[in-house]
Amino acid sequence: MRGVIRGRGAARLAAVAAASGFVATGALVTAGPAAAVVETPQHRGGATATLGGLQTYDQAVVRENGSSQQVPAGLFEMSVENGGTLQTYCVDIHNPTRKDAEYQETPWSGTSLHGNRDAGRIRWILEHSYPQVNDLAALAEKAGAKSLTERTAAAGTQVAIWRYSDKAEVEAVDPQAEKLADYLERSARTSAEPKASLTLEPPAVSGHPGERLGPVTVRTDADAVSVTPPADSAASGVKVVGRDGKPVKSAGDGTRLYFEVPKDAPDGTAALAVQASTTVPVGRAFTSETSSQTQILAGSSESTVSAAATADWATEGAIPALSAEKNCAKSGVDITASNKGDEPFTFRLMGFRHTIEAGTSQTVTIPLQEDQAYDFAIQGAGGFEKRFKGVLDCRIEGAAIDSRAQPANEPSPASAGGIAGGGDLAETGSSGNTPLIAGVAVAFVVLGGVTVFLLRRKKDPTAATPTEE
């Protein structure tokens, strides 16, 4: 991952007036192009991987609303970007997978595990069953099973996870796999959410030229991470330094990084990147922006993880730092804006204007419908734009069961549908209603988004005060 630097010259944030300056525009699924876009996805760092498919599995039966359906249950495999392999189980039985979907390491708060009091029990299951426990004879003895194969161990583990993640009525077809599922379900204890493999906190900072902007703190379980300074740093003079002011090329957990901006630097923005090789902690969640089934990590090889942070600076006026994160507890996206300048920073979202006073920070929650693709852009003069894109996927959907497995070594269509009417295939889980739900969600956002936003804002006295325009 490489950093970028871009001068804004006269288009600094200070020139933006409250009524006519920064404007945040929202589009459903897509938005128009801008002159100079800094795209800011909600991926806060960690591993990025591509789903290969269901690799080790057996069968299970899911019962719901008086009907039953046999579905595959077991381990998926993912290929990590820039090297590494992950093994995962599903925590979203009713949502199908998309083969070759790109996944990103995500905190539980940004997934369907948010608010699930049993999420910690799922982590315990992962740590005490296959593949973390690969002595299948010993595992079978603990479970009271005659024997277990890799396939039945994977199926039994997945069934136990579904009982906690989806509150599903599900049983393994194989009797020995069912014994394992029962053992894991009754034995599970609460464990804390594992920490991210790699993040930078905060992901955005700001300030004046001639200052050290930051700090940006490295959080990682890796022994060391490499630090990539902004591109063109030699020409611009912008450096990434530590607390002692010396350039930093390698860092560890807790290291504080700063952007050192020359005093005569024109108003601009820059980014740094960090990367490491480590095993991703068991229990980390993985989500996709393509509405593909949420996964939870069961095993990791040595894998490449990365994160990035940005800095903005200006000589005067408002100097904001912008970041975003999914907030499933509030069914939306939190836009956090801090202002290191000497004038208020004003922007609009969902038809409302928000003002961040100089020297303060506020978080504004943008409410969204489930499975809603979003694309928010906060714009300024001279073509400046920070864009936030993603899909809100927070809830377990209790849809009718109608799916079958597509083995990983066979072609799989890239469709989110189930197989109603002999159509598309899903890896596990199902939802023939997905396109309809998505369409209804779009309509609700268009018709009711501003109203929902107003009601939610009234209940949140700590957030920025909106003014209707």
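The reply below takes the salt bridges one by one, then turns to a charged surface patch and to a few points of the backbone.

Reply: The model is predicted, so local features need pLDDT of at least 70 and side-chain atom pairs count only at pLDDT 80 or more, while totals for chains, interfaces and linings use all residues. Residues are numbered from 1 along each chain as its sequence is written, and side-chain values use heavy atoms, with hydrogens and water left out.

A search of the whole structure finds 17 salt bridges. The term stands for a side-chain nitrogen of Lys or Arg within 4 Å of a carboxyl oxygen of Asp or Glu.

One of these pairs is Arg44 with Glu325, at 3.8 Å from N to O. It links distant parts of the chain, 281 residues apart: Arg44 sits in the loop between β3 (36-39) and β4, and Glu325 in strand β20 (residues 320-327). Such helices (H or I, at least four residues) and strands (E, at least two) are DSSP runs, numbered from the N terminus. Arg44 is partly exposed, with 24% relative accessible area, and Glu325 is partly exposed at 28%. On this scale, buried means under 20% relative accessible area, exposed over 50%, and partly exposed in between, with a 1.4 Å probe and protein chains only.

A second pair joins the side chains of Arg284 and Glu193, at 3.6 Å from N to O. Here too distant parts of the chain are linked, 91 residues apart: Arg284 is in the loop between β16 and β17 (285-288), Glu193 in the loop between α4 (175-187) and β9 (198-201). Arg284 has 5% relative accessibility and so counts as buried, whereas Glu193, at 33%, is partly exposed.

Glu201 is partly exposed at 41%, and Arg219 is partly exposed at 37%.

Salt bridges also link Arg163, Glu178, Asp182 and Glu185 in a network.

Asp223 is found in the loop between β11 (212-220) and β12 (225-228), and it is exposed because its relative accessible area is 81%. Together with Asp221, Asp253 and Glu302, Asp223 forms a patch of negative charge on the surface. A patch is made of residues with over 30% relative accessible area and no salt bridge, with like charges joined within 9 Å. Asp and Glu count as negative, and the place of the charge is taken as CG of Asp or CD of Glu.

Strand β11 also contains Pro215, and the peptide bond that joins Gly214 and Pro215 is cis, with omega about 5°.

Another charged residue, Asp100, has a positive phi, near 70°. Asp100 is placed in the loop between β6 (85-90) and β7 (102-106) and counts as exposed because its relative accessible area is 53%. Most residues other than glycine have a negative phi, and most peptide bonds are trans.

Notes:
Patch = residues over 30% accessible without salt bridge, like charges linked within 9 Å, V, L, I, M, F, W, Y side chains within 5 Å. Areas by Shrake-Rupley, 256 points an atom, 1.4 Å probe, with all protein chains shown as cover.
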